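Here's a walk through a structure, taken one piece at a time. Have the sequence and the 3D view open, and follow along.

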Amino acid sequence: MSVSVMKVRGSGWRWGSWVALGFVTWGLGCASGPEQMDSPAADRAREVLRAARTRQGNLLLQCEPEDADVYLDGVIQGMCTDFGGGPNGLKVGTGLHRIDVKKDGYWPYTTYYEPNNARAGLTIRLKSKEPERGGTD
């Protein structure tokens with residue numbers, strides 16, 4: 001960008017300096033970019049971009065038996081029925097997470113989940129540790 005300084009007769013360089021300063025300030029203000037904007041729309045856009053970078057998820061669980069315990073990264077979160085639907089899914093933050101479903105008398109279930117800013121569903125059927133009875137000897 002070129003800036004020209006005008007000298008007006010009788011006013012000296014002061015007026016011309018202000019004109020030049022005005023052009024430079026105006027030019028820099030236009031080139032400052034969106035990070036300098038303060039408005040509700042700009043704040044919302046920043047929030048959406050931040051959310052896209054921090055991938056979170058909502059995991060809906062259906063389990064048999066329904067009262068099995070759910071663990072996220074080794075920390076108990078509640079029973080499977082607590083995360084069965086609606087807004088009550090298991091909230092999972094950024095990164096890879098270990099999901100365990102356990103109940104006494106059943107073999108534990110383990111899987112890994114990495115959220116992608118979406119809701120996912122998982123159906124789990126725990127197997128009993130006791131052998132199935134049936135048939136004749």
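Which side chain does Arg-125 meet in a salt bridge? Its partner is Glu-64, with 3.5 Å from N to O. A salt bridge here means a side-chain nitrogen of Lys or Arg within 4 Å of a carboxyl oxygen of Asp or Glu. Arg-125 sits in strand E7 and Glu-64 in strand E1, so this pair ties together parts that are 61 residues apart in sequence. Helices (H or I, at least four residues) and strands (E, at least two) are DSSP runs, numbered from the N terminus.

Before going further, a word on what you're looking at. This is a predicted model, where local features need pLDDT of at least 70 and side-chain atom pairs count only at pLDDT 80 or more, while totals for chains, interfaces and linings use all residues. Residues are numbered from 1 along each chain as its sequence is written, and side-chain values use heavy atoms, with hydrogens and water left out.

How confident is the predictor? Its confidence in each residue is the pLDDT, which runs from 0 to 100. The protein chain averages 75, and 64% of the residues score at least 70. Two stretches stay under 50: residues 17-21, for which the model has 3 contacts beyond four places in sequence, and residues 23-28, for which it has 5 such contacts. A contact means heavy atoms within 4.5 Å. Where pLDDT is low, the predicted coordinates should not be read in detail.

Back to the salt bridges. A search of the whole structure turns up 3 of them. Side chains of opposite charge can pair when their charged atoms come close. In the pair we started with, Arg-125 is exposed at 60% relative accessible area, whereas Glu-64, at 46%, counts as partly exposed. The cut-offs are these: buried is under 20% relative accessible area, exposed is over 50%, and partly exposed is in between (1.4 Å probe, protein chains only).

Another salt bridge joins Asp-67 and Lys-103, whose closest N and O atoms are 3.1 Å apart. This pair also links distant parts of the chain: Asp-67 is in the loop between E1 and E2, Lys-103 is in the loop between E5 and E6, and 36 residues separate them. Asp-67 is partly exposed at 37%, and Lys-103 is partly exposed at 27%. There is also a salt bridge between Arg-98 and Asp-100, with the closest N and O atoms 3.0 Å apart. Here Arg-98 is partly exposed at 36%, but Asp-100 is buried at 4%.

Now for the sheet. Four strands form an open sheet in the order E3-E2-E5-E6, with antiparallel pairing; two strands pair if DSSP finds at least two bridges between them. Strand E3 (75-79) and strand E6 (109-113) stand at the edges with a single partner strand each, so one side of each has no neighbour in the sheet. On average, neighbouring strands are turned by 25° against each other, direction ignored. That angle uses axes that are lines fitted to C-alpha atoms (for helices, over the stretch in contact), and angles run from 0 to 180 degrees between N-to-C directions.

Look inside the sheet and you'll find E2 joined to E5 by 4 bridges. On the E6 side, 5 bridges join E5 to E6. The hairpin of E5 and E6 has 6 residues between the strands, and Gly-105 there takes a positive phi near 90°.

Not counting residues up to four places away in sequence, Arg-98 touches Tyr-71, Leu-72, Asp-73, Thr-110, Thr-111 and Tyr-112. Of these, Leu-72 is 26 residues away in sequence, with 5.9 Å from C-alpha to C-alpha.

Finally, the core. A nonpolar core is a set of buried Ala, Val, Leu, Ile, Met, Phe, Trp, Tyr and Cys residues joined through side-chain atoms within 4.5 Å. The largest one has 16 residues, and Leu-59, Leu-61, Leu-90 and Ile-124 have the most contacts inside it. Strands E1 (57-64), E2 (69-72), E4 (90-92), E5 (97-102) and E7 (119-125) each give two or more residues to this core, and E1 gives the most, with 3. Leu-61 touches Val-70, Cys-80, Phe-83, Gly-84, Leu-122 and Ile-124, again leaving out residues up to four places away in sequence.

Methods
pLDDT = per-residue confidence, 0-100.
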